[in-house]
Amino acid sequence: MAGVNVKSEIKPLKRVLLHRPGNELLNLTPNTLEELLFDDIPFLKVAQEEHDAFAQALRDNGVEVVYLEDLMTEVLDQNPDVRETFLKQFIEEAGIRTDRYQKIIFDYLNDNYPENKDLVLKTMEGINLTELHTDKSNSLVDLVSEASKMVVAPMPNLYFTRDNFAMIGNGVSINRMYSVTRNRETIYGEYIFKYHPDFKDVPQYYSRYNTFHIEGGDILNINDHVLAVGISQRTEPDAIDALAHNIFNDETSPIDTILAFNIPNNRAMMHLDTVFTQIDTDKFTIHPGIMGPLTVFEITPEGEGIKVKEMTGKLEDILEKYVGMPVELIPCGGGDRIAAEREQWNDGSNTLCIAPGTVCVYERNDVTNKVLEEKGIKLIVIPSAELSRGRGGPRCMSMPIWRED
Ligand SMILES: NC(=[NH2+])NCCC[C@H](N)C(=O)O
C-alpha cells in the first residue's frame with residue numbers, strides 16, 4: 001500500500017504509524033522533565049506493555065500497524081549511502097558544534113551500531129558522556145563536565161507520532177515543532193518522505209525548515225474537502241496561512257476549506273485534539289472548558305491567495321454546515337467540572353476513531369468513557385497508567401496513514 005490516504009477522522013482505519021516507547025524514556029530525569037515536555041517519569045516496562053496492548057487492539061480490529069523505527073530502518077537499509085548523511089545531520093541537529101565531538105560521536109554511533117535498526121533506536125535514546133570513553137587528559141570540557149551528562153539528549157516524545165508529521169488527504173505536512181526537543185524528531189519524517197518507496201512521492205504541504213510552528217495534534221481531517229486546524233500553544237496562525245496556500249495550490253487536493261479553531265494557549269490544551277475529536281459521523285468529544293473562548297475562522301481560496309472570515313454562532317451550527325448533518329458535542333467528564341478537568345488532563349477527549357462510532361480510549365477516564373457508551377459509541381479500552389504521564393492519549397500516539405474512502 002504505497003502513499004497516504006486520510007480524508008476523514010473516522011472512516012475505517014487501515015494502516016497506522018506508531019512508535020514503541022524505548023530507552024529514550026530511561027533518560028528522563030526530574031531536572032529535564034519540563035524541557036522534555038513530560039510531567040513525570042513513566043515506568044518503561046509497563047509503558048511498553050501498555051503500548052503493545054494498544055498496537056494489538058488496533059491489529060485485532062483490522063488495522064495494520066507500522067512502526068516509525070522500522071520505516072527509518074528500511075530507508076537506511078535500502079540506501080546505504082544515506083546512513084552517513086543522516087548521522088551527520090542528526091549530530092548537527094543534536095547541537096554538537098565542535099569538530100572534535102562531531103567526529104567522536106559519529107565514530108561512536110557508526111562503529112557500535114552496525115545494524116541500522118539499532119542505530120535508529122540509539123539516535124532516539126540519546127547518548128551519555130560516560131559512553132564515549134574520551135581521553136579526559138586532553139580536553140578541558142571533558143574534565144569539567146559532570147560525570148554523567150547527556151551529550152545527545154533523548155527524544156522521549158516520539159511515541160506521540162501524531163505530532164511531528166501529519167497526513168492531510170493524500171499529502172503530508174512535515175512539521176516545524178514548537179519546542180527544541182520535538183523539532184529534532186522530525187528528522188525521521190524528512191528521510192522517510194524523501195527516500196522510503198511507499199512515501200517518497202507524497203506531496204508535502206509544509207517543511208520542517210519553515211519559520212512558524214505547527215503540530216499534527218492540531219490537524220483534523222473533517223472530510224475530503226474540509227480540514228480543521230487548531231491555533232494553539234503549538235500552532236501559529238502564520239503556519240496555517242502557509243499550509244492553506246500550499247494545499248489550495250495543489251491541484252490534486254480536493255480541500256477547499258480550512259477551519260481554524262482558536263483555542264486557549266496553555267499546556268493542558270496544547271493541541272486541538274486534546275479538547276476536540278470526532279468519534280462518529282455526527283458526534284464529537286469536547287472539553288467544556290473551550291466552549292466559551294473558542295473562535296472559528298473559515299479560510300478559503302481566493303484568486304492566488306486566501307480569504308479569511310470569522311464564523312459566528314454556536315459550534316454545533318458551524319460544524320453542521322461542514323459535516324452536512326446536525327452534530328452532537330459530547331462533553332468530557334460528562335459535564336462535571338472536576339471530572340472534566342481531571343479527565344481532559346489525562347486525555348479523555350483524545351480518542352482515536354478507527355471506524356464511525358468505534359474509538360480507542362484510555363481506561364482511566366471512566367466518567368467520560370461511560371458517557372460515550374451511553375451515547376452508543378463502541379469503546380476499545382486500553383491500559384494507561386504509564387503512557388498517560390507523557391500527556392497524550394490514543395490519538396496523539398497514532399498517525400493514520402490510510403483510511404478507507
Ligand atoms: N497530539 C497531542 N495532543 N500530542 C501530545 C504530545 C505530548 C507531548 N508530551 C508534548 O508536550 O508535546
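Author: Start with cysteine 360: its sulfur is 10 Å from the closest cysteine sulfur, the one in cysteine 353, which is too far for a bond. Keep in mind that this is a predicted model.

Reader: What bond is meant here, and how many disulfides does a search of the whole structure find?

Author: A disulfide is a covalent bond between the sulfur atoms of two cysteines. To count as one, the two sulfur atoms must be within 2.5 Å. The search of the whole structure finds zero disulfides.

Reader: Is cysteine 360 buried or exposed?

Author: Buried means a relative accessible area under 20%. Cysteine 360 has 1%, so it is buried. Cysteine 396 also counts as buried, because its relative accessibility is 3%.

Reader: Next, the strands. Which strands are joined to β1 by bridges?

Author: In a regular strand the side chains alternate between the two faces of the sheet. Here, β1 covers residues 13-18, and five of its six residues are buried. Four bridges join β1 to β19 (residues 399-403), and these two strands run antiparallel. Within this pairing, leucine 17 stands opposite methionine 399. Another four bridges link β1 with β2 (residues 64-67), this time in parallel. There, valine 16 has valine 65 as its bridge partner.

Reader: What kind of unit do β1, helix α1 and β2 make?

Author: They make a right-handed β-α-β unit, with α1 spanning residues 44-60.

Reader: Arginine 15 lies in strand β1. Is arginine 15 buried or exposed?

Author: Arginine 15 is buried, because its relative accessible area is 7%, below the 20% limit.

Reader: With which side chains does the side chain of arginine 15 make a polar contact?

Author: One is the side chain of glutamate 64, at 3.1 Å. Another is the side chain of aspartate 198, at 3.4 Å. Leaving aside residues up to four places away in sequence, arginine 15 also touches others, including Met1, Phe199 and Trp402.

Reader: How is strand β8 placed, and which strand is joined to β8 by a hairpin?

Author: Five of the five residues of β8 (residues 219-223) are buried, so this strand is largely enclosed by the rest of the structure. A hairpin of two residues leads from β8 to β9. The two strands run antiparallel and are joined by four bridges, with β9 spanning residues 226-231. In this pair, asparagine 221 has leucine 227 as its bridge partner.

Reader: Now a helix. Which residues of helix α5 are buried?

Author: Helix α5 runs over residues 116-125, and its buried residues are Asn116, Leu119, Val120, Lys122, Thr123 and Met124. Among the elements that cover them are α2 (68-78), α4 (99-112) and α9 (186-195). Just after α5 comes glycine 126, with a positive phi of about 95°.

Reader: Last, the ligand. Which of the 16 residues around the ligand come nearest?

Author: They are Asn157, Asp163, Asp273, Gly390 and Cys396. Cysteine 396 is the buried cysteine with 3% relative accessibility.

Reader: Which polar atoms lie at 2.9 Å from atoms of the ligand?

Author: A polar backbone atom of leucine 37 is 2.9 Å from a nitrogen atom of the ligand. In arginine 234, a polar side-chain atom lies 2.9 Å from an oxygen atom of the ligand. For histidine 271, an N or O atom in the side chain is 3.0 Å from a ligand nitrogen atom.

Methods: Residues are numbered from 1 along each chain as its sequence is written. This is a predicted model: local features need pLDDT of at least 70, side-chain atom pairs count only at pLDDT 80 or more; totals for chains, interfaces and linings use all residues. Side-chain values use heavy atoms; hydrogens and water are left out. Buried means under 20% relative accessible area, exposed over 50%, partly exposed in between (1.4 Å probe, protein chains only). Two strands pair if DSSP finds at least two bridges between them. A crossover is right-handed if, with the strands pointing away from the viewer, the path from the first strand over the helix to the second runs clockwise. Contact means heavy atoms within 4.5 Å. A residue is near a molecule or strand if one of its heavy atoms lies within 4 Å of it. A polar contact is a pair of N or O atoms within 3.5 Å; within protein, one must be able to donate a hydrogen and the other to accept it, and residues adjacent in sequence count only if both atoms are side-chain atoms.
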